[in-house]
Amino acid sequence: KPVLYYDDRSPPVRSCLMLIKYLGIDVDLQFVDLFKQEHLAPEFVKLNPLHTVPTLKHENLVLTDSHAILVYLAEKYGAGMDLYPRNETIRAQIINKLFFEACVLFRRTSDMMREIFHNKTGDKIDEHKESIHEAYSFIETFLSADHDHHIAAPNMTIADIAAVTTISSADLLFPITSEWPLLKKWFERTKLLPSYIHANEPGLAKIKEAIKSCANIDPKFERKFVIFALN
């Protein structure tokens, strides 16, 4: 059976866990603690020279990108479902939104998180506000298209799963408000999915606590984080 190397504090990892839960896939989960630098262990680097999670190993196949993992699992275990349909036009839209998630949404969110954890401070967190809000506005536009208020298609697809785990992380610091009504509605609806509750919320809670306990964190940022987390 497939083996997923993971640390569920990572949004891309959580997207894979959500899909695994949604499809009921039997997977061997191997935890790799990024904060303890277990991803730099020689045996893991041999498996994945990029030393990143998620990493999926299935027989002789090794995938080191969450979006590739989502496509592979949806193809192999979600046949006949609409998560990654056969229609070429819809698939093109899904792939387009997966690239958006990887290159825009996740990149902006990870830049913000990297600054917090590498610099051990939230002093400059407001510098990321404009870029995160712009990403929210992009998604609002996607949702306003003829997709029945989903990101890439008339129904939920792996594009929604990829996006929601990153958005939930960004929302901890810059909450989604009524300024983006379609995004807010989509987010609230997606949070009700059992796969979100079981596969995203535990890791999201971990990253929330990691941010709050970050060494030498600015007290002003600490207060701001608590306010944002409760909204």
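User: How many bridges join strand E1 to E2?

Analyst: This is a predicted model. Strand E1 covers residues 3-6. E1 and E2 run parallel. The bridges joining them number four.

User: What is the order of the strands in the open sheet?

Analyst: The sheet has four strands with mixed pairing. From one strand to the next, the twist averages 15°. The order is E2-E1-E3-E4.

User: At about what angle to E1 does helix H1 run?

Analyst: Helix H1 takes in residues 11-23. It lies across E1 and E2. Its angle to E1 is about 145°.

User: Which strands does helix H3 touch?

Analyst: Helix H3 (residues 66-77) packs on the sheet. Its direction makes about 35° with that of E3 (55-58). The strands touched are E1, E3 and E4.

User: Is Cys16 buried or exposed?

Analyst: The relative accessibility of Cys16 is 0%. Buried means under 20%. Therefore Cys16 counts as buried.

User: And Cys103, buried or exposed?

Analyst: Cys103 has 53% relative accessibility. The cut-off for exposed is over 50%. So Cys103 counts as exposed.

User: How many disulfides does a search of the whole structure find?

Analyst: A disulfide needs two cysteine sulfur atoms within 2.5 Å. The search covers the whole structure. The number of disulfides found is zero.

Definitions and conventions
Residues are numbered from 1 along each chain as its sequence is written. This is a predicted model: local features need pLDDT of at least 70, side-chain atom pairs count only at pLDDT 80 or more; totals for chains, interfaces and linings use all residues. Side-chain values use heavy atoms; hydrogens and water are left out. Buried means under 20% relative accessible area, exposed over 50%, partly exposed in between (1.4 Å probe, protein chains only). Two strands pair if DSSP finds at least two bridges between them. Helices (H or I, at least four residues) and strands (E, at least two) are DSSP runs, numbered from the N terminus. Axes are lines fitted to C-alpha atoms, for helices over the stretch in contact, and angles run from 0 to 180 degrees between N-to-C directions. Contact means heavy atoms within 4.5 Å.
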